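User: I'd like to go through some labels and see what backs them up. Can you take me through them?

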Amino acid sequence: MRSLFSSGGDDVAAVDVFANRHDEWAAVVDSIRAHVAARPTVRVDDFVSPRSNVLVFYGVGGIGKTTFSKKLEAQMAATGERQAVASWSRLPQEVGPLVPVRIDLARQGEVSFEDALLAVRLAMGRLGQPLRAFDVALRCYWEVNHPGEPLEGYLRRHGFLRRMSDSMGLPQDMRTAVEDLSQAIELPSAAGATIVGFVSSLAQALRERRDKSLALSRCARLPDLLEAPQDIDTFSYFPHLLAWDLAQIPAKHAATPVILLDTFEDVTERGYREIEKLYQRMVWLMPNALFIITGRNRLQWDDETLEGQLDWAGRHRWPQLAPTAVGEPRQHLVGYLSDDDREQYLATRLSRTRRPRHPRPHRRRTDRAPNSQPARRVLHRSRDRSLPARLRRTSPEPRRAPLRQQRPRHTLHEESAANMRRVADGNSPLARPALRGLSHIARHLGDFPQALSTLEGLDHDSNYYRALGHLWWVHGNLNLACSAYATARRVALDNDQAGIAALAQAGLAFAAALDDVDRATGQIARANDLLREVHQTWAQAQVRTAVLLQSVGADGDFTTHARELEHAYTEAGLGSALAYLRFVVCFHHAIRDDQQQLRDALTNLELSTNNGEYRYLREIVSFLPVTQPDPPASGARWIGGRDSVAHAWREIIGRRRAALGLNPPVNPMSAARVGGMSGPSSDSFSAESTYRTVELAAGETGIPIQDARLIRMGENAIYALPHANVVARSDQRLARVEKELAIGRWLAYHDYPAVRVAEHLPQPVRVDGRVVTYWNLVEPDGEVTIDQFAGLLRDFHALPAPEFTLDLFDPFAAVPGRLANAGNADPAAVAFLADMHHDLRTRYDALEFTDLGVIHGDAHRGNIIPTANGPLLCDFEVAARGPWQWDTTSLAIAVDRLGTPAADYTEFVRVYGRDVTQQPQFPVLRAARELTMTTWLMQLIDVSPGHATEFTHRISSLRDGNLQQRWNGF
């Protein structure tokens, strides 16, 4: 709506106002000045002297401590004439350069102590000076605790670490430090040896050469830390090494580290001191750094009764944290705004033509209100969606009764839609925003086919993909939803749209939390990271709801947490967030199969749906408690039909219950209610039946089919439709189709050479008990060379992990179904294959793989299309998370079975970089691959005599154990 009415001339502005906090800034300046003045007397190897390097701001929530912390970091990082807060005094020149780093320890952000210390190290990299003691120890710790996980990859996956690591070469610094030391003290290179063995030799060498010229040998604690068990307890002493490294930097290159730890209450609350102990060690062991801690609670380190719970407790340890402390740094209780700050806030928070919207008498009345928090009251009011209503609520006059009865909300939606349709049909610049508004209204009212068809008329920007995410999660298509949200976030970040990226990531966190608790943790952390840069109240609420979603079905404080969120959302006027929250509460009770609680929760949800919006959430809830009959439908129009959506949500409930160790609820009526996609169509899977499916789907989408030609028949059917310039794929399994679409879009985002989803057509289309998807048609041109195949596979395996969930690869997934539906195959052959399957399953499950990633699952040259512009990978129905060895096995088998020249395989190994035949798992993988090739062919023995003859031939060679017997390919 903001876009639709952006050309209006009301000149009303509601701006985010930062309370100046002059007194607090003065305390920061004085603390920095005192810290710098004391620096010459500070010794980093003094572990006894009292510490005075902590400045604390504490107070109740919602008064701007986090904003203050962010402004502090920005102000200290500012250079030249630029200041983050123009009204603050400049830092005195005598304090010299500063290196600020802010770390938000909010529980929702999932920032571990390990992440926090990495952030500090990355920030110190701005000095451009070697930090060898810390880097050597970090490399040892990392390889012990993160085997097989490169630090580069870890930093890329964690948002706030990634931003710092983009300009800091920490992994390279670690390698350089180790190699430089190996040369300086004449040790063998760490390359080719385990890092643990190397650092053990290094520690001994440092002990022996402590009095020599090597600077690192003067770091007395380094050998002890290298030889200690490499666990988090040892890691918590590494800040001493960082402090030591910083102390070695020449004065002309040095700077004062200022480490801001925000939301510290999430470390200190609930009487659990183990995590707090780690952070206290960081502060104590880095006396040459100033720490600025913000949180709700006063820091208690001066309390002698905590001796034993913390390493250093009592006033004699932390004299400046005592209530009687004078001078800076010390602890400050942050109250509400000063008189000047309140006046400035109320005068500028809401304005018209740059003049205060509230006259001075009104501002004084607001300020004098009993128990008032004027800043927060105006803040909440100014976030209301309706501007006229907002202005009425800030008026001191009592509200009057309306002169006429208020019209139903759905009637207003209909009028809005009619007005938007007139704008969308015109040539105005507002036509596209109006079209987006129409889709938004259709989705809120549950007309999902209309919402989707309207969306397809829009540009495929970040808003388009975010709207797709909204559509798919309510249909239970969580893979598609996550893929759409992830694409929306990427497109937004590529276009420097931080706010839209945060909204998209919040949606991704919510969708992931519905089904995959572990993956949701990373998505929630990334969302919180993005939200640190922008002010997005709705997105923050969605992320908080995602955190709640992670605990659905489990015992604990779910109900208390949900009530707290409901109160917060109600106070903030977040209607849609409140509706989703109430849905999550229903979801929780459905998983627990608590019918009484579920009925109460549903009654509460109806409070959010009485105006016509979000009624589809009530219908989804009717799908969840499968022990109860469905209530009347909400009137929602579902993409693919109500039954398929019900089936998807019941599967989600089943997976969540299984993860909690709960038995799946049994509903004898569910099979009768769930039709459509719950099983195969009544007809056999043949060229005739699949053509009819494609024909019906074409009728749904309005594309020509008269020139359709069958490309391939297997477990799915693939038709080329030249007039429509697309390929239609007909499949019977919805989940597999959703995964294919998600993989296709993921590859498109990374510009990987693969067939592309035909995004201009609605996807997927469900007809005749099957699912049809459309892909861009490409005409083959030439042959796929062996080096092209190897290069495609190598690059595919090197792609970063997708945002959506992929199942663990099972090479035998299709085998039981094939054996159970063997058709006219020889029963003795089928029995032989069943025994082979049982034996191989046992052997495969005993294999160990150390580096799992995304694999194609059926990688061979038949699944690569040669084109004039280069080869394209296709067919992603069995893509999964698995071992690279599986994807490279097919070509190795082809040398013996299909007559592929041995030279081709040699070239493949050269380009790809690894040889699967030298892997210990290869014999089992080869046998498993040959089993799947043979059972695949078994499905097609009625297609032609040649298929039947080849099947018999393969069975014979498998029975004889003849690994060199040639097979014919199809």
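**Labels and cut-offs**

User: What makes Glu24 buried?

Analyst: Its relative accessible area is 14%. Buried means under 20%, exposed over 50% and partly exposed in between, with a 1.4 Å probe and protein chains only, so Glu24 counts as buried. Bear in mind that this is a predicted model, where local features need pLDDT of at least 70, side-chain atom pairs count only at pLDDT 80 or more, and totals for chains, interfaces and linings use all residues. Residues are numbered from 1 along each chain as its sequence is written, and side-chain values use heavy atoms, leaving out hydrogens and water.

User: Why is Arg21 with Glu24 called a salt bridge?

Analyst: The closest N and O atoms are 3.9 Å apart. A salt bridge needs a side-chain nitrogen of Lys or Arg within 4 Å of a carboxyl oxygen of Asp or Glu, so the pair qualifies. Arg21 is buried too, at 6%.

User: And what about Arg897 and Glu930?

Analyst: Their closest N and O atoms are 2.8 Å apart, so that's a salt bridge as well. Arg897 sits in helix α37 and Glu930 in helix α39, 33 residues apart; helices here are DSSP runs of H or I with at least four residues, strands are E runs with at least two, and both are numbered from the N terminus. Arg897 is buried at 0%, and Glu930 is buried at 2%.

User: How do you know that Glu94 is exposed?

Analyst: Its relative accessibility is 55%, so it clears the exposed cut-off. Its salt-bridge partner Arg33 has 33%, which makes Arg33 partly exposed.
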